[in-house]
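The following note sets out points for a first reading of the structure shown below. Please keep the structure in view and locate each residue as it is named.

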Amino acid sequence: MTIEFPPSMQRRRLLTHGGAAIAASSVLPWMRHARAASETAVTFKLRPASAKAAILGEAKPKTDVLAYNGTVSGPVVTTHQGEPFSSLVTNGIGQNTTVHWHGIRLPNAMDGVPYLTQPPIRPGADFHYAFTPPDAGTFWYHPHEHTAHQMGRGLAGALIVKEPEPPPFDRDLLWVLQDWAFQPNDQFVPGFDTPMEAAMSGRIGSVVTINGMVPKPITLRAGERLRIRLVNACLARFMALRFPGHRVTIIALDGQPCHPFAPSNGRVIIAPAQRVDLQLDTIGEPGRDHPVIDDYYGRHATYRLVTLSYTRQPPKFRSLPAMPIILPPNPVPKPDLSNPVRHHLTIVGGMMSMGMAVDGKPAPVWGITDGHRKSDGMEPIFSIPRGRTVLLTLENHTSFWHPMHLHGYSYTVLSRNDVKEPYPHLRDTVIVGPKEIVDIAFVANNPGNWMFHCHVIEHQSSGLMTVINVA
Ligand SMILES: [Cu+2]
């Protein structure tokens with residue numbers, strides 16, 4: 001089984017070696033003896049730079065983008081659970097940048113947050129990232145400096161950490177989802193990160209792409225079992241994907257395997273920065289087409305994301321659907337809820353709290369408070385003793401949805417509005433709806449200063465961020 005990408009995205013495989021057995025312990029692999037450097041001398045080179053991309057299809061003019069190694073979305077970085085990985089990033093754009101390896105539980109110095117975990121990578125300079133991913137799953141990478149401008153122009157890519165033993169899917173599909181606001185001349189609408197975008201729901205583009213291109217029909221054969229890895233790399237767009245004619249099963253969230261479950265009302269909700277791994281059994285008839293629909297923003301904004309197009313071949317010999325495939329669990333330590341450290345953070349701001357910007361125009365103000373004070377830049381809002389379980393209550397006082405991302409950790413989502421989650425699961429980015437209260441918990445086993453922020457990028461850049469310290 002291989003991970004399939006469009007031909008334009010195929011890249012040489014990075015680290016290919018036999019799978020090492022992963023001990024299911026709470027000890028993070030980088031704390032164990034790393035393998036000799038000579039065994040893993042391969043370094044994945046990433047160079048963000050200006051490029052032109054055929055986002056709208058080959059027949060249309062190309063769009064000026066920012067791209068890792070010349071492709072939008074970026075090259076698929078494939079690595080292996082528990083094995084050392086490294087990447088040399090050379091800044092080819094005229095602006096500071098960094099790379100954040102979203103969802104990976106890695107050492108703080110490798111987290112890619114400028115002025116917090118590293119100095120920014122200046123134009124022409126480089127930075128060497130190295131870490132050993134403890135968890136197999138679907139992750140991604142993107143800049144954490146001038147994020148709305150750089151990610152909004154194309155800088156984002158998938159990071160796949162493979163299981164030691166490949167799960168028995170017939171095919172493994174990757175869908176990096178991005179959206180774009182185009183002008184009639186096929187270039188981006190200028191003015192990323194505007195006060196208006198920040199005050200509302202962020203920049204939501206009109207063109208949605210899979211792996212950097214307006215999708216063509218995806219060919220399927222009846223009787224196959226597919227893994228579909230969804231990565232929402234949009235600045236601000238939420239999605240609710242429906243697969244009429246199919247039953248889909250969610251098998252992992254934010255890279256972390258979960259107890260397989262059918263999405264509520266058949267809608268696979270995926271917020272900016274979230275990932276969902278689906279099992280889709282191709283139970284359609286040979287020769288038939290089935291749409292994939294996104295109806296997150298209601299009836300008037302519903303559109304067909306892509307068409308699943310069955311070949312005329314007879315079904316592969318198999319009776320489908322069968323039981324869902326359960327992915328092996330990752331070694332994330334279980335929270336001890338008998339005596340947790342408790343904290344409560346409140347999300348405030350939005351349209352109703354426009355402040356005054358320097359130029360006299362109103363500017364939105366978002367923020368996170370602990371009840372006494374508002375978060376202030378890179379100053380930690382609280383500190384947790386290492387090894388303790390944290391029970392963190394997130395309260396959203398605003399009228400907007402916020403996908404809240406904690407760096408360096410995968411946390412358990414316990415409850416919403418005091419109602420236990422039907423399927424307890426791990427996340428690195430959880431949606432906190434308008435006026436909603438969400439309880440999360442994690443074992444603070446990874447020391448450092450970790451960013452905690454909304455992944456609607458325009459919200460983050462106008463204040464919806466803070467830092468949590470693990471001492
Ligand atoms: Cu937000």
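1. The model is a predicted one, and the points below should be read accordingly.

2. Overall burial and contacts come next. Of the 471 residues in the protein, 47% are buried. A residue counts as buried if 20 or more other C-beta atoms lie within 10 Å of its own. Among contacts between residues at least 6 apart in sequence, 78% join residues at least 24 apart.

3. The largest nonpolar core has 113 residues. Which of its members touch the most others? They are Leu 159, Leu 177, Leu 278 and Ile 440. As general background, nonpolar side chains tend to be buried together in soluble globular proteins.

4. Eight of the ten residues of E11 are buried, which leaves the strand mostly covered. E11 pairs with strand E14 (residues 225-232) in the parallel sense over seven bridges, and it is joined to strand E12 (residues 207-210) by four bridges in an antiparallel arrangement. Two individual pairs may be located: Leu 177 stands opposite Asn 232 in E14, and Trp 180 has Val 207 in E12 as its bridge partner.

5. The surroundings of Leu 177 can then be examined. Apart from neighbours within four places in sequence, Leu 177 is in contact with Val 208, Ile 210, Leu 230, Val 231, Asn 232, Ala 233, Cys 234 and Met 239. Asn 232 in this list is also the residue that stands opposite Leu 177 in E14.

6. E24 pairs with E32 (residues 465-470) in the parallel sense over four bridges, and the partner of Ile 384 in E32 is Val 470.

7. Another open sheet, also of mixed pairing, has three strands in the order E2-E6-E8. Why is one side of E2 and of E8 left without a neighbour in the sheet? Strand E2 (44-46) and strand E8 (126-131) stand at the edges and have a single partner strand each, so one side of each has no neighbour there.

8. The loop between strand E4 (63-68) and strand E5 (77-80) contains Gly 74. Is Gly 74 buried or exposed? Gly 74 is buried, because 28 other C-beta atoms lie within 10 Å. Its contacts, leaving aside neighbours within four places in sequence, are Ala 67, Tyr 68, Asn 69, Leu 155, Ala 156 and Gly 157. The C-alpha atoms of Gly 74 and Gly 154 are 7.9 Å apart, although the two residues are 80 apart in sequence. Ser 73 is found in the loop between E4 and E5 as well, and the peptide bond from Val 72 to Ser 73 is cis, with omega near -10°.

9. Two residues have backbone angles to check. In general, most residues other than glycine have a negative phi. Asp 254, in the loop between strand E16 (248-253) and E17, has a positive phi near 50°. Ala 273, in the loop between strand E18 (268-270) and strand E19 (275-281), has a positive phi near 80°. Asp 254 counts as buried because it has 27 C-beta neighbours inside 10 Å, and Ala 273 is buried with 26 other C-beta atoms within 10 Å.

10. Pro 260 lies in strand E17, residues 256-261. Pro 260 is partly exposed, because 17 other C-beta atoms lie within 10 Å. Beyond residues up to four places away in sequence, Pro 260 touches Thr 249, Ile 250, Ile 251, Pro 324 and Ile 326. Its C-alpha atom is separated by 9.0 Å from that of Tyr 423, which is 163 residues away along the chain.

Notes
Residues are numbered from 1 along each chain as its sequence is written. This is a predicted model: local features need pLDDT of at least 70, side-chain atom pairs count only at pLDDT 80 or more; totals for chains, interfaces and linings use all residues. Two strands pair if DSSP finds at least two bridges between them. A nonpolar core is a set of buried Ala, Val, Leu, Ile, Met, Phe, Trp, Tyr and Cys residues joined through C-beta atoms within 7 Å. A residue is buried if 20 or more other C-beta atoms lie within 10 Å of its own, exposed if 12 or fewer, and partly exposed in between; C-beta atoms are placed from the backbone. Two residues are in contact if their C-beta atoms, placed from the backbone, lie within 7 Å.
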